[in-house]
Amino acid sequence: MKKMTFVAAMATAAVMMTSCGNSTPKANLKSDVDSMSYAMGLSQSQGLKDYLVQRMDIDTAYIDEFVKGLNDGANAGDNKKKAAYYAGIQIGQQISNQMVVGINREVFGNDSTKSISLKNLMAGFIAGTTGKNAKMTVEQAQQLAETKMREIKAKNMLKEYGPNKEAGEKFLAGMKKAEGVKALEGGVLYKVIKEGNGEMPKDTSRVRVHYEGKTIDGQVFDSSYKRNEPVTLRANQVIKGFTEALVHMPVGSVWEVYIPQDMAYGEREAGQIKPFSTLIFKIELVGIEK
């Protein structure tokens, strides 16, 4: 017999259960059909327990409660009212165990003392599902959720990584007074190591560059020089401060560039780069691809 998926196995198990109540049905193998039905139920249950634990986060200490629910669902038949109720329970648990957990992790990081409002999440979720009493359009909700999530996340990250921001501001203030250091309009500072005489790229240009990036404490986080190969990239597909420098550099130039955190990764953590980090790049513009 062809091996069935878990979903198909669930459907088969539901069809086979015909007794009422919440207790485990008692097998009665008097006929061939009875024996076949029992054997199919037993064989198709393989993997279900692992699925419950690994995919649905069910504690097997409560397996009897699962069986009660399984019986209720199977005996509901085509009762659409009960089917809707059971679907609501299933999706509600997914909201609690997956959606809320995921949002909390995204917004609050590892701070388990903070959480979004389940009450308000459900109010919005139900309004969107029923199409009744929504306080805003879906488009407005998407925009508001994205904006508020970014603001709240940044505020919480600032509490933890605020010293990075302060150190970067102090560093840049000092660099502004350093000999040979100039400023671009966007706030990026730079010092010319070698002046090129070629053309300057546009932000849409594909360029070949050598670079080395480090934090203000001198920690190198990436270097094309170590790989002995310049990289080819579009000038506007890197952090804003890197782009700002590139479009002002003639081909053949080598600059040391000092990028404020808000023109780098801001509140984001990127590999070895902690949130709100001011970055230093040595950038060598090798050429522009035609």
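In which helix do K165 and E169 lie, and how many residues apart are they? Both belong to helix α7 (residues 138–175), where they are four residues apart, about one turn of the helix; helices here are DSSP runs of H or I with at least four residues, strands are runs of E with at least two, and both are numbered from the N terminus. The model is predicted, so that local features need pLDDT of at least 70 and side-chain atom pairs count only at pLDDT 80 or more, whereas totals for chains, interfaces and linings use all residues. Residues are numbered from 1 along each chain as its sequence is written, and side-chain values use heavy atoms, with hydrogens and water left out.

The side chains of K165 and E169 meet in a salt bridge, with a distance of 2.7 Å from N to O, a salt bridge being defined as a side-chain nitrogen of Lys or Arg within 4 Å of a carboxyl oxygen of Asp or Glu. By this rule the count comes to nine salt bridges. K165 is partly exposed because its relative accessible area is 26%, and E169 likewise counts as partly exposed at 44%, given that buried means under 20% relative accessible area, exposed means over 50%, and partly exposed lies in between (1.4 Å probe, protein chains only).

A salt bridge is also found between E65 and K68, whose closest N and O atoms are 3.4 Å apart. Because these two residues are three residues apart in helix α4 (residues 63–75), E65 and K68 are separated by about one helical turn. With a relative accessibility of 45%, E65 counts as partly exposed, and K68, at 35%, is partly exposed. D111 pairs with K114 in a further salt bridge, in which the closest N and O atoms are 2.9 Å apart; D111 is partly exposed at 28% relative accessibility, as is K114 at 30%.

Apart from these charged pairs, I91, M99, F125 and I126 form a nonpolar patch on the surface, with about 320 Å² of accessible area together. Patches are made of residues with over 30% relative accessible area and no salt bridge, like charges being joined within 9 Å and nonpolar side chains (Val, Leu, Ile, Met, Phe, Trp, Tyr) within 5 Å, while accessible areas come from the Shrake-Rupley method with a 1.4 Å probe, and for residues only the protein chains shown count as cover. Helices α5 (80–108) and α6 (118–130) each supply at least two residues of the nonpolar patch. I126 lies in helix α6 and counts as partly exposed because its relative accessibility is 44%.
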